[in-house]
Amino acid sequence: MEPFIEKAVLVGVNLRNDLHFDYSIEELENLAEALDVEVVGVVTQNLERINPSHYVGTGKIEEIKHFYEAADANLIIFDDELSPSQIRNLERDLECKVIDRTMLILDIFARRAKSKEAQMQVELAQLQYMLPRLVGLRDSLSRQGGGTGGGFKNRGAGETKLELDRRKIEDQIAKLHKELESVKEQRETQRKQRRKSEIPIVSIVGYTNAGKSTIMNQLLNKIDQEDHKQVFEKDMLFATLETSVRQISLPDNKSFLLTDTVGFVSKLPHHLVKAFRSTLEEARDADLLLHVVDASNDENQYMMEITNNTLQAVGVEDIPTLYVFNKSDLANLAYPYVNNEQIWISAKEGKGIDELLELIRKHIFSNYVTCTLCIPFERGDIVSYMNEHAHIMETSYDERGTIIEVELHEAIAEKYKEFWLN
C-alpha cells in the first residue's frame, strides 16, 4: 500500500497591506514541510479586516474549493488562528479538513517534545486550544478521521481526546497545571543553586532555525567537551524544544553556564507561550543574552522584533545582549567581524567562535580584578584553592610565603583582603 501523503493548500489574508505577509506565508510553508506535508498551492486575499464568519470573504470560498479539487489536495491550512465558528463554517462549506497555523505549530511541538516537561507543556497548550473548539471539531470528526491517513498527529490532542467530554478535558488541564507547577518549583530550586554558585549564566535566544544549537555545539567543541554533551541540531524549524544547560570551563579556570531556549516564530500561539513560560524564563536569570540572528534572511529585523517582543511578554528585559549574526557566509557578509555588541559569524564553518568567546568573556567577567597576594606557607590550602578556582598569572616565593599574582572575582578577592600586597 502506498504511504499516505498529506497535500495542503495554504490560505492567507493580507490585512491592510502587511509588509510581512509574504514572509508569513513562506514561514507557513516551512511549518507544513516540518510535518512532511506537501504544499500544492497558495490562495491569498487582500482585506481591510478579517471576515468573522469565514476568515476569508465568502466569495473566496468557491475559489479555494476549486483550487483544492484541482490540486488534488486533502487539507487546507489557514495562516492565522481560526475561531471555533470559523472552523465550523469553513469545514461545512469547503467539505474538507481545515486546520490553522496554531494547530500546525502545536503539532510540530507535540512531535518534537522529548522531555516529560515539554510533553506536558505541549499537551496543556493543545487542550486549551481544543476546549472552545470541541463542538465544531466534533461535527467534522468523521472527515477528520477519514480524510487523512497518517500525516497529522493531532489525533493526540484531537480525535482521541474529542471522545472525552468537556469536564474530562478541564480535569486534565487542571492536573497538568498542577504537575507543571511542581516542575516549575524544581526548576526554581535549580536556578537558586546556580545563582548561589556565582557562575555567570549566558542564555542563547533567537528565532527558530537561526543556528542556536550549532553555536552551542561549536562553543562546546572549542573547549573540547565530550561529544555526549552536544545538543541536537538540524536545519529545520523547532529542531530543539528542550532547554539544555551546559557548563563551559575555560582554560584560565573561569567557567560559565550556557543555556538555550525554544526558538521563536511569528504568531507563536498564545497558549504555547504561556505553557512554555517557565522554559522561556530560564533567560530571565541570565547575566548575558546571546540573541542569534539569521543574517542571510531578508526578514531578520522582523525576526529580531518578534524575539524581543516574546521575551518581553515573559518578563525577560534589561539583560545585556550580544547580537550574533549567524550564517554570514550565506549572506555574503564579511566575517568574523565584531562591532561593539554585535558579531558576524558562521557557526557551521566554526568561524567567529573565538571572537564570540572573547566577547562573552569581556562581558561576564568584567567584575574580575587582578591582585597580588602574599600567602603564608602554612596556608597551602589557599594556594591550592587559587590553583583550582582562579587564574594564577605569576608565582614567586620569599621568606613571608607564596606570592601570587592572580585574577579573581571581586567578591572572592575581597574575602582574601588580609593577604593583599598593595
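A residue is termed buried when its relative accessible area is under 20%, exposed when over 50% and partly exposed in between (1.4 Å probe, protein chains only). By this criterion Tyr416, at 12% relative accessibility, counts as buried, and Phe419 counts as buried at 10%. The model is predicted, so that local features need pLDDT of at least 70 and side-chain atom pairs count only at pLDDT 80 or more, whereas totals for chains, interfaces and linings use all residues. Residues are numbered from 1 along each chain as its sequence is written, and side-chain values use heavy atoms, with hydrogens and water left out.

The structure holds seven aromatic pairs, a pair being rings of Phe, Tyr and Trp (its six-membered ring) whose centres lie within 6.5 Å, with planes under 30 degrees apart counted as stacked, over 60 as edge-to-face and the rest as tilted. The rings of Tyr337 and Trp344 have centres 5.5 Å apart and planes at 40°, and the pair is therefore tilted. Tyr337 is partly exposed, with a relative accessible area of 42%, while Trp344 counts as buried at 15%. The pair of Tyr416 and Phe419 is likewise tilted, because the planes of the two rings stand at 35°, with centres 6.4 Å apart. Ring pairs also link Phe325, Tyr337 and Trp344 into a cluster.

Contact, defined as heavy atoms within 4.5 Å, joins Ser24, Glu27, Leu28, Leu31 and Ala32 in α1 to Arg101, Leu104, Ile105 and Ile108 in α4, the helices being DSSP runs (H or I, at least four residues) numbered from the N terminus.

Definitions and conventions: Helix = DSSP H or I, 4+ residues; strand = E, 2+ residues; numbered from the N terminus.
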